[in-house]
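We will walk through the chain one stop at a time.

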Amino acid sequence: MCSIIGIVGDSPVVHRLLDALGRLEYRGYDSAGISVTNPAINLGDTGNFLTWRSVGRVKELSKKIDLSCKSTVGIGHTRWATHGKPTERNAHPHTDGFLSVVHNGIIENFSELKTELIQSGIVFQSDTDTEVLVHLLSKYIKKARNLYEANSAAEATKSPDDIRRTILNDAIQNVLKKICGSFAFAALCSDFPETILAARSTSCPLAVGKGINEFIVCSDAFGMAGLSSELHYLDDYTYAIVSRRNLSVFGFGGEKASTRFYANPFKQESSKPEEQTHYMLKEIHEQPLVIQRLLDKVASEREIYDISSEVILDAINGLTLTACGTAFYACMIGRYFLQTVAGIRTDIELASEFQSAQISARDDNRPVLAVSQSGETADTIKALAYAKERGQKIFSIVNVPQSSLARMSHKVFYTHAGPEVGVATTKAFTAQVFVLLSMAIEFSKKNYVNFPSEALPSRDDFRKVVGYMTKTLSLDSQSIDISNSLFRHAKNILYIGRGLNYYMCLEGALKMKEISYIHAEGVAAGELKHGPIALIEDGTPVVVLAPFDDLFAKTMSNMQEVAARGAKVVLITDEIGMKHVDQSIVHSAVMLPHTHKLLTPLICAIPMQLFAYYTALARGCDIDKPRNLAKSVTVE
Ligand code: M6R
């Protein structure tokens, strides 16, 4: 969840660290900080980093920093608190003067280590697990240095570079033996002011990018946009010793590891939205373009969602989908597509529950397909790793190229939605739905199912849906009115629907709660009477999602039930549905273009997203960076 950046080079780093942290802020934004080696002071054991830390956003940090600082080596961090409140004392970098560390993830045995360190006389300055890293690295680097100095006569022929590597290798291997958990970190050391030491175990990504006369260490490719055009992703359980012109990578045991550089897909920074607007709104409006791009790809590169390779054809016998949050709702929709269109037995499992659920299914060797925007969600990575260990084939639908999930999968299907910055995912979701539908259609061809081909969306349906999405976006004045007049003051909002629309209700409610902080719940309309209807009081807003389909009439009955109990009904339907509605019980309605049933999620997502967006806007919430959340959730 936190992000890490480090630069070791020839040119001043302060501005560039701040810029990178601004891009990385989507991974956590409780507090931020940077440390640079101080060019004005001779480094030694006594404290010679310049470190600035601040609670809140990177813009708060930038107010504190000496922007004229000429240091060419530094590290930075944005935090999403795990251990210790989001205060300045808990903000990273953590330093004891000799060493400065930024860290993402969790040192699981930190409490035993902390006790040992306290017993040895160390006084802790923060409540974080990170601080044990500082003291351990300090201790082992000093120990390795002393050992080296004691043997210096025998080692007299070594170059300064060899000495540096010997000491750092020795120290870090000792530290890595002592700590456990999923983590990534980067450290500066006074003894070696032109070196960054970086390591990762598992789940927390870390990459090293090549710049001009410099190397950059960073938790993701987006953070390095404009800094590096080529990057190497550190494999699980590897560490790197990085200097201006040298990168050496090793396994945790000290064995040399190879490097493989990929092009950074984020060469240019994603353009910032206009003043006063948000990435989320920009990304909502990009959806027709994203779907058009995917349609073009399907037309021009037929193999894009090709499932004919042996690995994926295994899935014909059944498939398990796994993901978290919104991507999990895409899986629910995907299951519907795969089962109805392609006749494939499909299970879905929350990634965070995957392992517990699968333990009881020991013989299950069906392939697993993970869905993720970032490709870095720790729970999803763990689920796939578990399946891979059991010998299952693993596939993924991912947005971020070369992300951890993409790299570990036997086959990846990209969503090509472009960088998504708003914490609430929008365009990545509709792209996931599109890819799952395209895969289901491909599977149905291979599986010779009896799903009548005329029941599939035609080319024309697909082509038209892009226009329908654009048309739906133009209805935003209705969403603004409903959000301002009704949702804005609500304590509770229910979303009801059936079939595909139920899954969309879950997604609509998640969008609303995560950015507006209003409690919202998606309910299968038929389940209302089994409990949730008790929540309805006079004036409770209920969003009824019911484009005209085979389930429409039943949903209309449920709409009557909630209206009879005082609910204010907000109906989302289409032109045909509108003709069949008892308008007298509807408080407000949004009328969408009518489309093929399997394409409705692409259109219905839009009013749901706009409701959440405009409600959050009316309530003055921080839309792109909602409280307590981060874009990539890299802790379990
Ligand atoms: O990057 P991922 O798609 O793996 O992320 C999964 C969830 O964390 C994510 O969808 C989350 O629920 C969003 N904030 C929802 O808008």
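Before the first stop, a word on element names: helices (H or I, at least four residues) and strands (E, at least two) are DSSP runs, numbered from the N terminus. Keep in mind, too, that this is a predicted model.

With those names in hand, select Pro 93, which sits in the loop between β4 (73-79) and β5 (94-95). Show the backbone here: the peptide bond from His 92 to Pro 93 is cis, with omega near -5°.

Next, move along to Ser 203, in the loop that joins β8 (192-200) and β9 (207-211). Although Ser 203 is not a glycine, its phi is positive, about 70°.

Now zoom out and colour by domain. The chain is divided into domain 1 (3-263), domain 2 (276-456) and domain 3 (469-623). Between the centres of domain 1 and domain 3, taken over C-alpha atoms, there are 47 Å.

Where does the ligand lie relative to domain 2 and domain 3? Domain 2 (276-456) and domain 3 (469-623) both give residues to the shell around the ligand, so the ligand lies between them. Two helices to highlight are α9 (325-342) and α16 (500-516), each of which supplies at least two residues of that shell.

Show side chains around the ligand. There are 14 residues around it, and Ser 372, Gln 373, Ser 374, Thr 377 and Glu 514 come nearest. By type, the shell divides into 5 nonpolar, 7 polar and 2 charged residues.

- Ser 372: a polar side-chain atom lies 2.6 Å from an oxygen atom of the ligand.
- Val 423: a polar backbone atom is 3.1 Å from a nitrogen atom of the ligand.
- Thr 425: a backbone N or O atom lies 3.0 Å from an oxygen atom of the ligand.

For the last stop, select Asp 622 and Arg 57. These two form a salt bridge, with the closest N and O atoms 2.5 Å apart. The pair links distant parts of the chain, 565 residues apart: Asp 622 is in the segment after α19 (600-618), while Arg 57 is in the loop between β3 (49-55) and α2 (58-64). A search of the whole structure finds 26 salt bridges.

Note on methods: Residues numbered from 1 in each chain as written. Predicted model: local features only at pLDDT ≥ 70, side-chain atom pairs only at ≥ 80, totals over all residues. Heavy atoms only, no water. Near = heavy atom within 4 Å. Polar contact = N/O pair within 3.5 Å; in protein donor to acceptor, adjacent residues only side chain to side chain. Nonpolar A, V, L, I, M, F, W, Y, C, P; charged D, E, K, R; others polar. Domains from an automatic or database assignment. Salt bridge = Lys/Arg side-chain N within 4 Å of Asp/Glu carboxyl O.
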